[in-house]
Structure formats: structure tokens, C-alpha cells
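Hello,

Here is the structure for your files. My notes follow below it.

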Amino acid sequence: MADILDILDIEQPTAEISRDSILHGDKVKKKYVTAKAVKRPEGMHREVFALLYNDNKDLPPLLPTDTGKAYKQTKAKLGMRKVRKWTWAPFTNPARKDNAVFHHWKRVSDEAKEYPFAQFNKQVSIPSYSESEYNQYLKSEDWSQAETDHLMDLCQRFDLRFIVIHDRWDRAAFRDRSVEDLKERYYGICATLSKVKTNPWSNTVTMVNGEKRIYHYDAEHERKRKEQLRRLFDRTQEQIDEEQMLLTELKKIEARKRERERKTQDLQKLISRADSGNLQPVNQVTNNNEGTSTPSNNASSIARRHDRKLHKKKLTAQQRPMRTVESVTVEWSGIKFPEARGTGVWLRSQRMKLPPGVGQRKTKAIEQELRLMNIDIAPTPTEAICKHFNELRSDLALALDLKNALASCEFELQALRHQYEALNPGKTLTIPPSICNSVADSESKPVGEIIDVVGSPSAMNTTI
């Protein structure tokens, strides 16, 4: 290489000899030139700048082009195989009974196949009856045999589309019938024939656990339902506004009721706290009076005894009305389930929803009692189940309230016993066995007797 450079009189590049030049002298390092990114001018939107410049600094094209680098639909890869042949062939539709012949394009390999859309021709099985069966089972005073035959023929032609059947009803030969009358007559015939003979055509019969169940059409209920929908649809704007106003007022009344209940509970808590706080001063006063009485000062001891008696009378006069307030505020009622109010469609399961006034603690207690009874918490909401399930939960809530009231009365009785012993040292409060037996047997007695025995403060005051 050096000789050739000398012959051509070309100056040789002066490069330092190093270890890398000796080992890797024949490899030329590639230099990658990175294009400097063009900065977007200030104030220009990103979308406008992307239209002006791209990675290659090319101007945007005047006509839409396809560079092949963007997202696009893949083109069909056409091979060198032979294309399948198509022919203009005739065909018939099995769903038609007039043997009409049509033509369409189809592959030669599919000529032997049936028309593919014939599988969607689903026919409804309509019952049939003989003359003797009609005279024996289906005869009716309101329907003639000619009307019944005309109805069954229309049901067969229009696949039980009763709105179309009602529209095509022959009013010139027969009297006008409503949609409900047509349905009632048809389903009545199906039910009668289902009981008389085994018919595979009947779409009104279902088998549940080997038991035959027949569909029953309630025409009167359907008429009432449509009448209610018609009235709901025919409401004026004034009636709608009045209904909204009444619903708003109802919500306000319920909110005020909940507020009163909350204030009553808070007041009850304050009364119970004040009642429990009065017991401690009584014991302190009694102990202090006993510790300071000495035989040397007879006058002062007599005065203290007199003051003690007056203090006892004041305490009994103040505490007895408090006990009466506590017993009166106990509510002996179950759960009041609200009626379903609202326009439009609503679910029957909403009737089993507990009211918002029932606390979370009571709800969990009711669910625990239902689990102990092996009863489902959310049963199937039929009419009878909704009624009995709500009554059961109401009775359970009442039983829980009575249980809590019994516990509070027992606590109150214990507090009165301690108060009596504190006011009268050396004496014990004896309760008649009749009251003890009544409290012990309160679970087996009706609600009224439990309230009379346990919840009445007059019995306790009389015993004391």
C-alpha cells in the first residue's frame, strides 16, 4: 500500500501506531451521523408542526400517498392456485310452499347443498282437534266453532303474533275481539288439550321434576296492567309535577322523622347517663355521714339524721320519675316495611329490603338468627314468601327488643337493690318470688305479659 502511494505521489496519512491499529487496522469504524431534531417554533401546535416536517425533513405531499410504513389493511396474497368456479344456478327455498324458483351465484362444489338460510325457518306447533274433541272438551258459550277455527288458522299463519292476528281478524263475519280475548281462548284450548292427551306440539307445557305444568293466561290481570300503563302514559305535566312535589314532601317528612328519632335516642342516652351518675353521690354521702357521726355530739348527729332522711326523700322523689321515663320510651314494635312507592316497573324483592331506620347491629343480629334457623337470608321473592319472610323478621326484631328490654330491666332492678342497701345499711331487698318467676318465664309468655311484669316500674316501686 505504501509503494502504490509513493508511485502515485500521494502523501501517506500520518497515524500513530498503537495496539488497536495493529490488531484491528483493517477494520474501518463506521461513523453514524445523527440528524439534529428540528425544534418546533414557539406558538405552533404539535399537529401543525407534524404536517410540516417529518423525520426526513421532507415537505408534506400535495396529494395523498401511501408510503407503506403506516398502519393499513393487509392485501390479499394471491397465489398461483386455480380459482374455484362460480355458476349462476337456480335454487328453491324449503320454507316456501309455492315451489318458487330463484337464481343466485354459488360455487360449483356447493350445488348439492340445501339453501343455507332454510335452517332459520322455525315453525310454531299449533294444536289441532277433531270434531268430537271440540264438542266434548272445547265447546264454549262465548265462542262458536267457526270463530275458534278462524283463530287457530290465524295462529298457524302468523306464528302466534297476536297483534297481527288481532289486526287480521275477520270483523265482517265475527264480532270484534280484543288481544286479551284471543290469547285467553288460545291458551285455554292448549291447556284443555294438554290435560286430555299427550301432545308434543304444546309450547305451553313444561316439565319440572317429572311433573307437568301448564301455562295459565290471566286475561283480567293483563287488562288491568294495560289500563294502568295507559293512565300512566296519559298523565298531564301538572299531574307529574304534583307527584314529584308529593315525593319531595314525603322525603322531607321521613327526614324529619329520622331526626326526631335520633334526638329521642340521644335524650334517652343522656337520661340513662344522668341516672347512673346519681348513684355514686348517694354512696359517698352515706359513707361520709357514717364516718363523721360521734356519740359526743348528739345534737349534730340528730341534725345529720334529719338531713339524711330529707335527702332520702329527695332522692326517691327525683329518681322515680326518671325510671318512669325510661320505661315509657321503650318501643314494643317490630319492623315496619314501607310500601313500594314509585312509578313504572319495580321488583317484588324490594319489599324484602329492610328500612333504613333499622341499624346495622340489629340487621346482623336478625341475619344471625335466620342462619340459626337454617333459613336463607335472600329467599325467592314470591308473594307469599315476601309476606311471611317480612313477618318473621319483624317478629325476630321484636324478640330482640324484648330481650334487650329484659336485660335493661334486670340491670335496673340490680341498681335499685344496691341503692336500697346503700340507703339502708344492714338491710337487704327481698323480691317476691312471683316477680322472679315471671321474669324467668318471660320468654314463654306473650309480649303484653312480659311488658306488664318486667317493664312496669310501678311493680318495682311497690316491692321496695
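Of the 464 residues in the protein chain, 21% count as buried. Buried means under 20% relative accessible area, exposed means over 50%, and partly exposed lies in between (1.4 Å probe, protein chains only). This is a predicted model: local features need pLDDT of at least 70, side-chain atom pairs count only at pLDDT 80 or more, and totals for chains, interfaces and linings use all residues. Residues are numbered from 1 along each chain as its sequence is written, and side-chain values use heavy atoms, with hydrogens and water left out.

The overall picture: the protein chain has 16 helices and four strands. Both are DSSP runs numbered from the N terminus (helices are H or I, at least four residues; strands are E, at least two). The chain exposes about 36900 Å². Carbon and sulfur atoms supply 54% of that area. Areas come from the Shrake-Rupley method with a 1.4 Å probe; for residues, only the protein chains shown count as cover.

Now the cysteines. The count of disulfides is zero, a disulfide being a pair of cysteine sulfur atoms within 2.5 Å. Cys190 is in no disulfide; its nearest cysteine sulfur belongs to Cys155, 8.2 Å away. Cys190 is buried, at 0% relative accessible area. Cys386 is buried too, with 0% relative accessibility.

Ile4 sits in helix H1, residues 2-7. Ile4 counts as partly exposed because its relative accessibility is 49%.

Best wishes
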